[in-house]
Amino acid sequence: MRRSDRSAQVAAIDLGATSGRVMLADISPGRLELEQVARFGNDPVHLFDGRRTALHWDVPGLFREACAGLAEAGRRSDDLVGIGIDSWAVDYALLRDGRMLGLPHHYRDDRTAPGVKAVHAELDPADLYVRNGLQFLPFTTVYQLAAEKRYGLLDHADSALLIPDLLAYWLTGRRGTERTNASTTGLLGINGQWDTAMMERLNLPVGLFPEIVETGSDLGSLLPEVTDRLGLADAPHVTAVASHDTASAVAAIPMDPSSAAYISCGTWGLVGVELESPNVSRAGWKANFTNEVGADGRIRYLHNVMGLWLLSETVRHYQRDGYRADLSELLAQAADVTPAFDVFDTDDARFLPPGDMPGRIRDWYAERGMRPPMTFPEMVRAIIESLAAAFAETVQRAATLSGKTVQTVHLVGGGSQNRLLCQLTADRLGLPVLAGPVEATALGNVLITARAHDLIDGDLEAMRHIVADRFPPQHYVPRRTHVPPRRDAVGAGKA
């Protein structure tokens, strides 16, 4: 439902852990067209810091590319009214007097172990879960900050901005912390407010992050110098969309949250269900499930699975060795691998850093006396089988912990194009998998911006109906002969 007959365009800056792009949406009554106007790589920068080589994000380079994309969006638009920014979670820049003090660390940098130890020495992990509702991930912002404190880096900073908030600041001059991404830091209490008592106990600066900005808020227009540099006739406004990319993706999943689970599959696989309020049960803590805020105040109750990082890092390794193969060809070869490989534990910490992923996977099998995958197609099949198994297991656990009866699973993001992964996930679950949209994150981003500019109306369900009408999903039906017989639904039982 639209509030007017106005036609306009909005742009999404969508930054993923391995690439970024700028997407342009043309929205008018009965129309939602999405096109990519810029795409660029996002590779970590290795810098020696006097003690070791550390991983950082090239955020100035990302901002330069994003601005070039916005300039192109302006050239293709007749009425560019809004811009939204989303990115991965947890990482941040330290600032003093509005100036960035250095390149933000990459969450895959291994500096956080002392931070984890310091936080857990003050707060029992089970108590921490009750306070912030988050699963344990060693790179969560609170652990990164504790590490920064140990190395004395916080002494020079007077503020910090999460990555989407940093780009918004450079575009508009306004500082804030958008709620969905704030909920991934470990510093936001389950009550939705900064946990200042916890910060004081951990000896972290209480006012480091600025005030919470609600999803959908207007952050103001582009700075005049930015508008001129981009060659825009008018200054579009920046909207605080659901700036954690998974929150934007889940906002665009055309699902019925009462009976559906979701898998947002890219570099990471975020697997879970949508709740109206947090679930901080002890069973959820033991299962390492997280409560992150979504659009319109919903709760994304989910668990992180390693995701397509395993596949992309494996492909990069083989390419460095001179192997050339199209991914679609590899997936076709992997589908023909028989017998299928036993699955490996995708959550094993050895798979988190960059490096020789095939070697690490082979080591995992060898340590257990199992035959490891040796050829490239065998390695791809082992990865896809293991991801499908991890996705299925996590969906089942989400259903049990939440008390939901899951009848359908929606798989969105880049992984929805992987037919083998979608089919094997359906097979292992014994449930239909609805794949797509591929561009769920960008769609959630532009729809929230469009709603803020009165181009569309309605709640989250109304936005999801728009996505379902414009981007119908592809259905994967479980092959019952390939999996043990199951009920038509999973879950329906509170843990």
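Analyst: Let's start with H244, which is found in the loop between strand 13 and helix 9. Helices (H or I, at least four residues) and strands (E, at least two) are DSSP runs, numbered from the N terminus. This is a predicted model, in which local features need pLDDT of at least 70 and side-chain atom pairs count only at pLDDT 80 or more, while totals for chains, interfaces and linings use all residues. Residues are numbered from 1 along each chain as its sequence is written, and side-chain values use heavy atoms, leaving out hydrogens and water.

User: Why is H244 called buried?

Analyst: Its relative accessibility is 6%. Buried means under 20% relative accessible area, exposed over 50%, and partly exposed in between (1.4 Å probe, protein chains only). H244 falls under the 20% cut-off, so it counts as buried.

User: Which residues does H244 touch, beyond those up to four places away in sequence?

Analyst: They are S87, W88, A89, E178, T180, N181, T184, E292 and R300. Contact here means heavy atoms within 4.5 Å.

User: What makes P254 buried?

Analyst: P254 has a relative accessible area of 16%, so it also passes the test for buried. This residue is placed in the loop between helix 9 (245-251) and strand 14 (260-265). Leaving aside neighbours within four places in sequence, P254 is in contact with H410, G436, P437, R464, V467 and A468.

User: How do you know that strand 2 is largely enclosed?

Analyst: Strand 2 covers residues 19-28, and ten of its ten residues are buried, so the rest of the structure largely encloses it. S19, R21, M23, A25 and I27 point one way, G20, V22, L24, D26 and S28 point the other way, and all are buried. In a regular strand the side chains alternate between the two faces of the sheet.

User: How is strand 2 joined to strand 3?

Analyst: Strand 2 pairs with strand 3 (residues 31-41) over ten bridges in the antiparallel sense, with R21 opposite R39. The two strands form a hairpin with two residues between them, and G30 in the turn has a positive phi of about 75°.

User: Which strands make up the open sheet, and in what order?

Analyst: The sheet has three strands in the order 8-7-9, with antiparallel pairing. Strand 8 (99-100) and strand 9 (159-162) are called edge strands because each pairs on one side only. Strand 7 and strand 8 share two bridges, and L95 has M100 in strand 8 as its bridge partner. Helix 5 lies across strand 7, strand 8 and strand 9, at about 105° to strand 9.

User: What makes a space a cavity or a pocket?

Analyst: On a 1 Å grid over the protein atoms alone, a cavity is a set of points where a 1.4 Å probe fits but cannot get out; a pocket is an open set with protein on both sides within 12 Å along at least five of seven lines, and lining residues have an atom within 4 Å of a point. Grid points are joined across faces, edges and corners, and a volume is the space filled by probe spheres set on the points.

By this rule there are three cavities of 30 Å³ or more. The largest cavity has a volume of about 120 Å³, and of its 16 lining residues the closest to its centre are P164, D165, A168, L219 and A240.

User: What lines the second largest pocket?

Analyst: This pocket holds about 370 Å³ of space. It has 19 lining residues, with H56, L103, H105, E148 and L153 nearest its centre. Strand 7 gives the largest share of the lining, three residues.

User: How do helix 11 and helix 13 meet?

Analyst: The axes of helix 11 (residues 309-320) and helix 13 (residues 357-367) come within 8 Å and cross at roughly 115°. W309, L310, E313, T314, H317 and Y318 in helix 11 meet M357, P358, I361 and R362 in helix 13.

Methods:
Axes fitted to C-alpha atoms, helices over the stretch in contact; angles between N-to-C directions.
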